[in-house]
Structures are given as structure tokens and as C-alpha cells.
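Hi,

Here is the structure I promised to pass on.

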Amino acid sequence: MANNTHSTHNKKYIERFDSFSRFLHLLVIISFLSLAITGMVIKFSGVGVFQTLSKLMGGYEVTGFIHRFAAVITFIYFTMHIGYLIRKRKKRGIPFKAMLKGENSLVPNKKDLIEFGQTMKWFLGIGPRPEYGRWTYWEKFDYFAVFWGVMVIGCSGLLLWFPEFFTSLGIPGWFINVATIIHSDEALLAVGFIFTVHFFNTHFRPDKFPMDPVIFTGSVTIEEMKKDRPREYTLLKESGELEKKMVEPPSPLLEKAARIFGFTALSIGLLIIILIIYSMIFYYK
Amino acid sequence: MHRYPYLFLFIFLLVHCINIYAQDESEICFECHGDRTLITEKNGKEVSLFVNSNRFKKSVHADIGCISCHQDVNLDDLPHNENLAKVDCSICHEQAVTHFDRSLHGAALRQGKYLAPTCASCHGKHDILSSTNQNAKTYVMNIPSLCGNCHKEGTPVSKLVSVKERHVLEDYTESIHGDGLFRRGLIVTAVCTSCHSSHDILPHENPESTINRNNIANTCTQCHRQIESVHQKVIKGELWEKEPHKIPVCVDCHPPHQVRRVFYEESFPDKLCLSCHSNKSLQKTVNGKRISIFVDQDELSHSAHGTNPCIKCHTNISNSRNPVCLNSGKVDCSICHPQLQTEYNSSRHGTLHSAGDSNAPYCTDCHGNHNTLPKTDLTSPIFSRNIPDLCGKCHREGEKAAVRYKGPEHEIIKNYTMSIHGKGLLQSGLMVTATCIDCHTSHSELPFKDPRSSVNSNNIAATCGTCHLGIYEEFKNSIHSPSVTKTDEKLPVCNDCHFSHTIERVDEDDFRQGILSQCGRCHMDVTETYFDTFHGKVSKLGSVKTAKCYDCHGSHNILPTYNPRSTLSRENVINTCKRCHPNSNRKFVGYLTHATHHDKDKYPFLFYTFWFMTFLLVGTFSFFGIHTLLWLPRALKEKRNEKKKKQTYWKN
């Protein structure tokens with residue numbers, strides 16, 4: 001997709017992410033990058049480059065404010081997403097359990113385990129590329145990584161934000177120290193994971209390099225879908241839903257905006273990961 | 001006497017017999033010498049040999065008879081030889097004659113000078129009277145005229161070149177002594193012999209002379225006992241005995257022979273000095289350099305010494321020199337300021353100066369000379385506000401003292417000016433602010449390494465405490481005080497945290513941030529762990545208001561946490577935290593401000609949490625790292641295949 005935009009008008013497009021999901025991901029990107037930078041600045045406060053970064057952003061008070069503001073955005077998008085799931089269930093009129101177990105659910109299941117095995121074989125050259133459905137197992141992992149991360153980092157973050165309140169409820173003082181370690185290391189895990197694994201799996205892997213703009217444009221061509229997620233394509237075609245999912249190609253303006261924003265976000269992410277690796281090697285104790 | 005009654009009686013009878021005998025033999029002498037016409041010829045001159053027996057019988061020697069003095073007369077063989085030897089008074093008056101012999105009079109006599117007096121010149125011959133006898137020439141009332149016989153103006157003696165004092169008798173008569181003697185009949189008044197002695201008259205250059213500079217005070221105090229207490233206003237009394245060379249001698253102010261009640265005008269009056277020194281072009285040569293020795297009278301009169309006569313400082317003035325002040329040397333301020341001089345002498349400035357260091361400042365370098373002003377005068381160089389400039393003359397970077405200084409303090413004046421003390425003094429105009437001399441002292445400044453120095457580690461707290469007493473008292477009871485903590489390690493003192501010349505407000509950002517490294521110099525481990533926790537991390541990002549060491553531990557009153565008075569004791573810790581965290585509570589203060597996840601025994605929870613998280617991270621990244629590493633070559637291969645397929649497709 002990325003390397004042949006000149007021919008998009010001749011192709012048919014299928015919607016992958018609805019506008020609400022795309023908006024949420026936009027919020028995730030913005031808040032996550034903000035949290036990552038402002039958080040790492042304090043995690044690696046002994047490292048000159050982060051001290052400079054802090055100054056560039058207006059000092060520790062500004063970074064602290066940005067961090068908390070981005071945290072609020074995180075809580076908001078988290079809530080919005082839960083609301084989205086509830087609305088979706090209502091719309092489809094099926095019980096939650098069924099929704100979680102459905103073909104399009106992000107909840108990992110037995111099939112993912114099988115696909116993981118097949119993938120390993122494919123990697124090693126002893127099997128074909130698995131027939132992935134709407135969500136691959138690594139995409140499901142990404143999703144739950146965020147889900148888990150928001151919970152853990154969010155809760156420990158709240159504790160650090162309002163230590164006086166939480167200790168007045170009976171939480172011992174040393175638990176704030178524990179929360180600091182959890183918050184900080186879990187954040188390192190999240191940042192490290194997103195900016196390396198997620199970036200590679202989604203954007204930098206050779207067949208998508210240098211980026212996959214679908215999260216911003218929302219749609220993919222039928223050819224790409226056939227190649228990437230054959231099972232989803234087959235299922236949609238069989239159920240006759242494919243036609244319903246057909247959409248207009250993304251406008252050139254949207255494409256351009258997606259690329260500019262996408263590259264910016266990727267670059268910031270990469271820059272952060274470089275700084276982190278540099279600090280970990282030379283300064284971390 | 002009661003023990004030897006017989007001995008006493010014997011001596012009494014012996015003396016009495018001699019008297020009787022003497023009177024008898026005198027009668028024999030007067031048989032011839034009682035004749036007024038008895039003459040002899042000596043050197044071609046007729047000389048009367050008559051002795052007035054009445055006068056002799058009234059003289060002090062009446063009882064001892066003629067033979068006691070004229071020992072070469074044999075009464076059994078009369079008439080005796082005409083050429084009798086000269087009477088030797090030393091037979092009885094040994095000391096007087098010894099003194100006379102070495103005196104000016106004696107020396108002149110030995111040299112055969114015809115003006116030289118003999119014993120008889122003053123005492124007479126056969127008619128010698130006791131000096132207590134009012135008719136005696138040596139009676140106190142008669143002394144001036146006796147001496148005046150030779151020494152009054154116009155006599156041959158007074159015309160001798162060697163005699164510098166003129167009009168001595170006239171002056172004496174007009175002097176307070178002469179006035180006492182002649183007009184008030186005060187026989188305890190000093191006469192010539194009181195000062196010059198009667199027989200031991202020596203020139204004033206002779207160190208043994210009673211009128212030598214070094215002895216004159218002793219001579220005068222024979223009568224003027226404890227005169228030094230009267231003179232305290234003029235001359236520091238204690239120097240009279242200890243260091244008499246430092247003070248002007250009596251005669252410098254009270255010229256001999258002319259001693260008056262109003263003396264200065266008459267001795268070396270300022271007028272005399274200014275007759276030369278008011279000349280603006282007056283110069284002298286020192287080490288080949290021409291130096292102005294003009295004295296600005298106006299400046300002098302407005303100075304702290306304005307009412308002092310010149311001679312009070314310039315003591316080494318003498319009539320024997322011309323001009324009287326020739327080579328009088330440097331003024332010795334210790335005459336009036338002995339304490340300060342002692343301090344100065346032991347100070348760095350003083351020791352360098354006495355070692356001959358030309359860079360070392362002397363009194364006048366700071367205080368000026370004729371223009372010296374009290375420190376209360378706004379224009380005085382030693383007025384508080386002017387002190388930094390004064391010291392800066394040598395200690396400013398690049399100046400002569402700063403250049404030779406090898407220690408750690410640089411840009412002293414510049415730093416001081418920017419310091420809280422400097423700003424207080426120079427910007428806020430706060431004259432109680434510490435200047436150079438408040439810490440270094442004005443006269444006993446010493447390098448900080450010297451244990452006597454006011455800025456030595458052991459003394460600096462007390463030095464600062466002279467102004468910051470309250471803090472000093474707190475500090476004295478804190479754990480950093482040597483009286484509380486006994487240790488071989490160096491305990492911190494004021495300047496370890498506040499620095500010396502760069503001292504600044506403690507609420508300034510730089511100070512708050514800087515304190516971490518100050519405490520950290522000794523408390524390295526807790527500083528490191530401080531930086532592992534929130535306060536430290538935010539501080540590293542430049543947060544000033546975040547808690548620093550002293551916000552929790554206190555500053556000057558630091559005590560171990562187990563001390564109930566410590567800011568971090570169980571009783572106080574909640575309130576201490578409340579200063580920043582208003583809702584602080586018992587559980588909240590359990591936050592570990594110096595926690596580290598590296599100490600398994602002290603902080604097991606943190607240790608295990610950290611390692612759990614580390615394994616989680618390492619596990620996740622390992623898994624996906626391998627996943628990616630496997631994926632990458634596969635994906636690249638597929639991409640190449642696809643390209644190839646496309647190429648073959650287009651070829652076909």
C-alpha cells in the first residue's frame with residue numbers, strides 16, 4: 001500500500017477501523033508519547049540529555065503537568081473504549097461472552113495458539129504463511145499489553161499522584177516506593193515494547209515498511225486484505241459482508257496527513273527508544 | 001647596741017678624744033695661719049696663707065681639724081714645708097670625688113683647662129658649709145647662682161662651643177622650677193643639681209648621664225612620682241616602664257631649663273614642624289626616590305589625630321639634630337595603640353612586614369597617615385562600606401596579594417560583592433553586614449590554616465556566631481558540632497555549606513540545589529539513594545522547591561532521628577512532612593525517602609518488586625526479540641520472491 005499510492009483510485013477499499021477506533025488510537029498515540037517522554041525524563045533524571053529535554057519542555061513542573069494531563073487522556077480513552085465495547089454489544093444484540101468468543105474478538109483463543117505454532121514453522125521455512133483472521137495473535141498481544149499497562153501504570157500512577165490520600169486510607173508509606181518501581185518499570189516495558197516490537201510488527205516489517213497508515217486512513221485494499229488476512233477475507237466474502245464493508249478510498253489529503261503524523265510519531269518513538277537504550281547502557285544502576 | 005654596750009662606749013670615747021685632739025692641733029695651726037699677713041710666693045704670685053679661724057670653726061670640718069685634710073703636715077716639725085700637697089677630698093668623700101673625676105668638670109680639670117672647677121670652686125675651702133646650711137653656696141636656694149657663676153650667659157664657660165644650651169640661668173629662673181624656688185621659696189623644687197646631679201655631671205650623650213634620653217624620665221620621676229598616670233591622655237602609661245624608647249622623653253615636651261606649665265608651644269610646637277612641612281614642595285629622598293613630606297594642615301586637623309601635637313607621634317625628635325626631625329624614622333603607632341600593634345605583629349600582614357616584604361601593608365596603608373579618620377567617618381577607608389575596596393586594593397584578582405595567593409579562593413572581591421553580605425553592604429546599605437574584617441579581623445588576620453586564625457575550621461563557627469548567634473547556638477548542639485560528635489573525620493562548619501566569599505541567600509536556587517552536593521561530600525550513600533527517590537529525581541531536573549536535605553533534617557539543628565528533638569523524630573516527622581504535604585499522616589511518613597531496591601535486607605519489598613519487574617521485562621523482550629529476529633529474514637525472503645514473481649510476470 002504504502003509504496004503505490006498512485007494506483008489507489010483504481011482499487012477497492014475495505015474498512016478495517018471505524019472512525020471512533022481511529023480517533024481513540026490517535027488519543028493513545030498522543031497521550032502515550034507524552035507520557036513516555038515526560039516519564040522517562042524523571043526516570044532518567046540523572047542523564048544530561050533528559051535533563052536538557054526537561055528544560056526544553058519548560059522544566060520539571062511543565063513535564064509533570066503534561067504527564068498528568070496525558071494520564072487523564074489515558075483514563076478518558078480507556079473509559080471511552082469500554083463504552084465503545086458496551087455500545088457495540090448492544091448494537092449487535094449478543095451477550096458479552098459471545099462477543100468475546102466471536103471471530104472478531106481480540107480475546108486470545110485456541111486458534112491463536114495454533115497460528116503461533118504455524119507462524120513459527122513459517123518463520124523457519126517449514127510451513128506456509130498462516131491464514132490469519134481479522135486479528136493476529138501479536139495484534140491481540142498488543143491490545144492486551146495496552147489494556148494491562150493502562151491498568152497497572154494507571155493505578156500505580158494514581159497512587160503516586162495522590163500519596164497523601166491513599167496513605168490516609170491505610171496504605172503503608174513504603175508501598176509508594178513499591179508503586180514507584182512498578183510504575184517506572186512497567187512504563188519502561190510498555191515504552192520499550194511499543195517502540196520496538198509494535199513498531200516492527202506493524203510498520204517496519206519488510207512488507208509494510210516504512211509504515212502502515214491503516215490506523216489513520218482506516219481502510220485497506222481488497223488485495224492487501226487477501227494477502228494479509230486471508231481468513232478474514234474468506235469469511236467476509238462467504239457471509240456476503242464484504243460488499244457492505246466497501247468504502248471510498250481515503251482522500252489524498254488524509255493519506256498525506258496520515259503519513260506526516262505517522263512518521264512524526266514513529267520518529268519520536270524511535271528517538272525515545274534510542275535515548276532509553278543510551279541511558280540504560282551508560283547510566284542505569 | 002644593747003648587746004655591745006662596751007663597744008659603743010669605747011667608740012664614743014675615741015671620737016671624743018680625736019675631737020679634743022683636733023681642736024688642740026688646730027690651735028697650733030692658727031698660731032701661724034691666724035695671721036692675716038702670712039703670705040707665700042707661688043709661681044711668682046703672692047698668695048695669702050691666712051685662714052679665718054672663725055669661719056673654719058663654723059665649717060663642717062671644724063671638728064676634724066687641719067691635719068685630717070693636710071695630712072703631709074708634721075706637727076712635731078714646725079714650720080712645715082711650704083709646698084703642701086693639694087688636699088684630697090676623696091680621703092673622706094670617696095664617691096663624690098669618683099663621680100667628679102669622671103664628670104665633665106673632672107675631665108676638664110684633668111685636661112688642665114683653666115675654667116674647670118675643683119671641689120673648692122663650689123664648696124669653698126676652709127669655710128665649707130653643709131648644704132643644709134642656708135649660707136652654704138651649695139644650699140638648694142643658692143645652687144642656681146653657684147652654677148650660674150660659670151654657666152650664666154656671658155661667662156667664659158657659656159661661650160664654649162660645646163655648650164649648646166643658652167641662657168640657662170635666665171631660662172631656669174623663668175621656668176616653673178625657678179619660679180618655685182625663687183618666688184615661692186619652695187626648697188623641694190628642682191635646681192641644677194637635681195637633674196644634672198651634683199658631682200656626676202655628664203654630657204647628655206653619655207648613656208650614664210642623668211639627663212640622657214634614656215635616663216631623663218628616671219631623673220624627673222625622682223620628684224614627679226607617678227607622673228605617668230597624669231600623662232595617660234598623652235602617652236600610654238604602661239610604656240613608661242616597659243618600653244621607654246617608644247615614648248617621647250620628658251624634655252621632648254618640657255624643654256630643659258625652660259620647663260613651663262604651657263609647654264608644647266615652647267618645646268617642639270606644631271608651629272615649628274609646620275614652618276617647614278606646610279611647604280607643598282618639601283620633599284625628601286628615600287632609597288633614591290623623592291617623596292613629598294608636605295603635611296596638609298587642613299587634612300590633619302580634620303583627622304582622628306587632629307588634636308594631637310606632631311611630637312606625640314613623631315617622638316624621635318631631638319635638638320641635637322638639624323633639623324630636629326632628621327632621620328626620625330617611622331611613626332610607631334603602638335605608643336598609643338599597643339594592643340592593636342601586638343595583634344598586627346602576629347598577623348600575616350605584620351609577619352610579612354617585619355620580614356621586610358615590600359608588599360605587606362603597614363598601619364598607614366590602611367589608615368592613611370595625616371589624614372587618618374575614625375571608622376565611623378563615612379569617608380574613612382576603614383568605614384564598613386569602604387572596607388571591601390580597601391582590602392581589594394591588594395586582594396582583588398590580579399593585584400599584588402591575589403597574585404601571590406595559592407589557595408582555593410579566587411575573585412574574592414567580585415564574589416563578595418555578589419554575595420549576600422556584599423549585597424547587604426553595598427546594595428542594601430546595611431552597615432552591620434559582614435565585611436572582610438568581620439570574618440578575618442582587622443589586625444590579626446591569618447591564613448585559614450593557622451589554628452589561631454578567625455577563619456580556621458575550628459574557629460569559624462564562633463566567628464560567624466558573633467553576628468549569627470542564634471544559629472551558632474543551634475549549631476553547637478547539633479550532631480555536626482564537635483562538642484556533640486567525637487570523630488576523627490572532619491565535621492562541617494559554616495563555610496562548608498555556605499562557602500566564604502560566595503555566600504548567598506539560602507532561598508536562592510543555586511544554594512538549594514548546591515546543598516545536595518555539599519551534604520553529599522560526606523553522606524555519599526544517602527545522597528545517592530536520595531537521588532533514587534522522587535525528591536532526588538525531581539531535584540536533578542532542576543526542581544528547587546522539592547525537599548532538599550535540610551528541609552527534612554533541619555539545617556543548623558540537625559540531630560539524629562532517634563533524638564526526640566530531631567525534625568525527623570517520631571513526634572515531629574509528620575509536621576516536618578506537612579510543610580510541603582499538608583495532608584501528611586502517620587502512614588504517609590512511612591515513605592522511604594532514601595530507599596534503594598538494591599538492598600535486599602533493608603528493603604526486601606522493593607528488592608523483590610524490582611527483580612520481578614526486571615524478569616518481566618527481560619522475559620517479554622527476549623520473547624519478542626527472538627520473534628522479530630525470526631520474522632525479519634522470512635519477511636525479507638518473501639518480499640524478494642514477490643519481486644521476482646512480479647518481474648517474471650512482466651517479462652512474460
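Below is what turned up on the helices, the sheet and the chain contact.

First, the housekeeping: this is a predicted model, where local features need pLDDT of at least 70 and side-chain atom pairs count only at pLDDT 80 or more, while totals for chains, interfaces and linings use all residues. Residues are numbered from 1 along each chain as its sequence is written, and chains are lettered from A in the order in which they are written.

In chain A, helices α8 (174–204) and α13 (252–282) cross at roughly 135°, their axes coming within 9 Å. (Helices are DSSP runs of H or I, at least four residues, and strands are E runs of at least two, numbered from the N terminus; axes are lines fitted to C-alpha atoms, for helices over the stretch in contact, with angles from 0 to 180 degrees between N-to-C directions.) Phe195(A) and Phe199(A) are among the α8(A) residues at this contact, and Leu266(A) and Ile273(A) among those from α13(A). (Contact is C-beta atoms, placed from the backbone, within 7 Å.)

Chain A also has an open, antiparallel sheet of three strands, ordered β2-β1-β3. β2 (219–221) and β3 (246–247) are the edge strands with a single partner each, so one side of each has no neighbour in the sheet. β1(A), residues 13–15, pairs with β3(A) over two bridges, with Tyr13(A) opposite Val247(A). (Pairing takes at least two DSSP bridges.)

As for the two chains, 38 residues of chain B contact 38 of chain A. On the chain B side, α33(B) gives the largest share, 18 residues.

Cheers
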